[in-house]
Amino acid sequence: MTIQTSYHQTIENLIKTIEPYDAIEKSHQKDALNWIKTGAPLCRIAKPDTPPKHLVSYFILLDTKKRQLLLVDHKKALLWLPPGGHVEPEEHPTAAAFRELEEELNIKLSLLKEDPLFITVTKTVGKTAGHTDVTLWYVFSADSSVSYTYDQSEFETIKWYSLDDLPMTRTDPNLSRFCNKLRQFTSTTFCNKEQL
């Protein structure tokens with residue numbers, strides 16, 4: 001029998017801070033909250049899929065002035081994805097986002113929003129297909145004119161994409177909806193309403 005812990009409560013409270021953008025995100029949020037209430041393990045303890053459903057943090061690098069975000073050509077997923085990684089046991093997803101940012105791109109940046117902007121529950125594809133990622137999407141302020149190094153063991157390459165020209169045929173199935181929510185968020189957050 002599994003038992004809910006204070007860690008489960010922390011993750012539940014974090015997920016409740018997310019205001020769903022649409023009915024799909026609302027259903028993903030509900031799925032995640034119901035999963036947490038079961039007391040199941042929330043973090044991956046063995047690669048690639050133990051337990052078969054676990055937490056992931058994406059870190060979105062956004063250049064608000066140029067309307068661009070960074071995607072990585074992920075070797076295992078075989079998709080262009082936002083960078084990110086698995087949350088370690090008992091690790092806060094926000095801490096995971098900062099840790100993965102340093103591990104994968106060797107940089108430190110600031111969050112545009114303290115809590116995750118978006119949540120998705122997605123079956124994985126590619127070389128490690130079949131398990132489920134409960135992904136919290138964090139947004140960091142970045143500069144697309146800076147040349148970032150990256151973890152070549154995980155990524156074929158990295159590339160900045162215009163929000164209007166993303167590789168939608170080979171990416172996370174939720175990216176388009178995320179970008180719509182991102183535009184909405186930035187238009188109400190920044191003084192310059194024309195940024196995104």
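**Strand E2, its partners and the largest pocket**

In this predicted model, strands E1 (53-63) and E2 (68-74) pair in the antiparallel sense over two bridges. Asp63 has Gln68 in E2 as its bridge partner. Four residues lie between the strands in the hairpin of E1 and E2, where Arg67 takes a positive phi near 55 degrees.

E2 also pairs with strand E8 (residues 155-162), to which six bridges join it in an antiparallel arrangement. Here Gln68 stands opposite Ser162 in E8. A further antiparallel pairing, of three bridges, joins E2 to E3. His74 has Leu79 in E3 as its bridge partner. The hairpin of E2 and E3 has four residues between the strands, and Leu78 there takes a positive phi near 60 degrees. E2 is mostly covered, with six of its seven residues buried.

The largest pocket holds about 860 Å³ of space. Its lining is made up of 40 residues, of which Arg44, His74, Gly85, His86 and Asp133 are the closest to the centre of the pocket. At least two lining residues come from each of several elements, including E1, E2, strand E3 (79-81), strand E4 (84-86), strand E6 (118-123) and strand E7 (132-141). Helix H3 (93-105) is also among these elements, and H3 gives the largest share of the lining, four residues. By class, 16 lining residues of the largest pocket are nonpolar, ten are polar and 14 are charged.

Conventions. Residues numbered from 1 in each chain as written. Predicted model: local features only at pLDDT ≥ 70, side-chain atom pairs only at ≥ 80, totals over all residues. Heavy atoms only, no water. 1 Å grid on protein atoms, 1.4 Å probe; cavity = no way out; pocket = protein on both sides within 12 Å on 5 of 7 lines; lining within 4 Å. Points joined across faces, edges and corners; volume = space filled by probe spheres on them. Nonpolar A, V, L, I, M, F, W, Y, C, P; charged D, E, K, R; others polar. Buried < 20%, exposed > 50% of the residue type's maximum accessible area, 1.4 Å probe, protein only. Pairing = 2+ DSSP bridges.
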